[in-house]
Amino acid sequence: MENDISFFLSKSEVILSGDFNARTGGLNDFIQNDGVNDNFTDCPVPENYTPDLPLERNQLDQKNNLHGNLLVNICKTSQMRIVNGRFLDSLGYFTFYNSNGKCTVDYMLTSHNLFYTINNFMVKPPTDLSDHCLIALNIFNFKNSKEIDKEELWSLPGTFKWADQSKDIYIDALLEEKSVEHILSLNKLIDDNNFNDIDF
């Protein structure tokens, strides 16, 4: 993920959103005391180095895990910022609810420059449709000054909008002779005792 962030930051600004399975608790997503006025002068840094600004972030979920440690480290190395717990979501609401309890594992991250164009961020209330809450971000109109070579960027996956007839279309597609043959041929290649085969 760090490599991907670095690649896309060289082209434009970056927003990451989703379930990271990361519990960041009270961990900082920035490097503390890395400015010239913070006794940092003994450490050699590039001339164009921009010190991190200490931005307070609240979070109701006070626990952290390995994925949370990795996520904040990625934020520190790439100057990405966690949006949760800032702006309208000033308490850092829980984003995941199930029978075992609640926690925060869904995050919105933005690149350092884009962070300052955010108008608001919200964690929507839980629903019966998912264990995860919807998270929503609103940014001001942002004009990117960098030229983007679209051929260099990866093609994004297509999206699919579910409709009432989608279930029938999906079933029909699976039952087509070509699909059935393809599924059966794949099934013959799988050794049920080999996890790599099952993943493939």
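The following legends describe close-up views of a predicted model.

**View 1. A three-stranded open sheet.** Strands β1, β5 and β2 form an open sheet in that order, and their pairing is antiparallel. The edges of the sheet are held by β1 (15-19) and β2 (80-82); each has a single partner strand, so one side of each is left without a neighbour in the sheet. On average, neighbouring strands of this sheet are turned by 20° against each other, direction ignored.

**View 2. The pairing of β1 with β5.** Strand β5 comprises residues 106-111 and is joined to β1 by five bridges. The two strands run antiparallel. Within this pairing, Ile15 stands opposite Thr110, a residue of β5.

**View 3. The salt bridge between Arg23 and Asp61.** The structure contains two salt bridges, and one of them is formed by Arg23 with Asp61. The closest N and O atoms of Arg23 and Asp61 are 2.8 Å apart. The pair links distant parts of the chain, 38 residues apart, although both Arg23 and Asp61 are placed in the loop between β1 and α2 (66-78). Arg23 counts as partly exposed because its relative accessibility is 21%, a value that is not under the 20% limit for buried residues. Asp61, in contrast, counts as buried because its relative accessibility is 2%. Side chains of opposite charge can pair when their charged atoms come close.

**View 4. The salt bridge between Arg86 and Asp29.** Arg86 forms a salt bridge with Asp29, and the closest N and O atoms of this pair are 3.0 Å apart. Distant parts of the chain are linked here as well: Arg86 belongs to the loop between β2 and β3 (96-98), whereas Asp29 belongs to the loop between β1 and α2, and the two are 57 residues apart. With a relative accessible area of 5%, Arg86 is buried. Asp29 is also buried, with a relative accessible area of 0%.

**View 5. Two residues with positive phi.** Asn21 has a phi near 50°, a positive value in a residue other than glycine. Its place is in the loop between β1 and α2. Asn21 counts as partly exposed because its relative accessibility is 46%, which lies between the limits of 20% for buried and 50% for exposed residues. Gln79 likewise has a positive phi, near 55°, and is a residue other than glycine. Gln79 is found in the loop between α2 and β2.

**View 6. Two buried cysteines.** Cys75 has a relative accessibility of 0% and therefore counts as buried. Cys103 is buried too, with a relative accessible area of 11%. The structure holds zero disulfides.

View 7. Tyr170, Ile171, Leu174, Leu175 and Ile183 make a nonpolar surface patch of about 490 Å². Helix α4, which spans residues 166-175, gives the most to this patch, contributing four residues. Tyr170 has its place in helix α4. Tyr170 counts as exposed because its relative accessibility is 53%, and the limit for an exposed residue is over 50%.

Terms used:
Residues are numbered from 1 along each chain as its sequence is written. This is a predicted model: local features need pLDDT of at least 70, side-chain atom pairs count only at pLDDT 80 or more; totals for chains, interfaces and linings use all residues. Side-chain values use heavy atoms; hydrogens and water are left out. Patches are made of residues with over 30% relative accessible area and no salt bridge: like charges are joined within 9 Å, nonpolar side chains (Val, Leu, Ile, Met, Phe, Trp, Tyr) within 5 Å. Accessible areas come from the Shrake-Rupley method with a 1.4 Å probe; for residues, only the protein chains shown count as cover. A salt bridge is a side-chain nitrogen of Lys or Arg within 4 Å of a carboxyl oxygen of Asp or Glu. Buried means under 20% relative accessible area, exposed over 50%, partly exposed in between (1.4 Å probe, protein chains only). A disulfide is a pair of cysteine sulfur atoms within 2.5 Å. Two strands pair if DSSP finds at least two bridges between them. Axes are lines fitted to C-alpha atoms, for helices over the stretch in contact, and angles run from 0 to 180 degrees between N-to-C directions.
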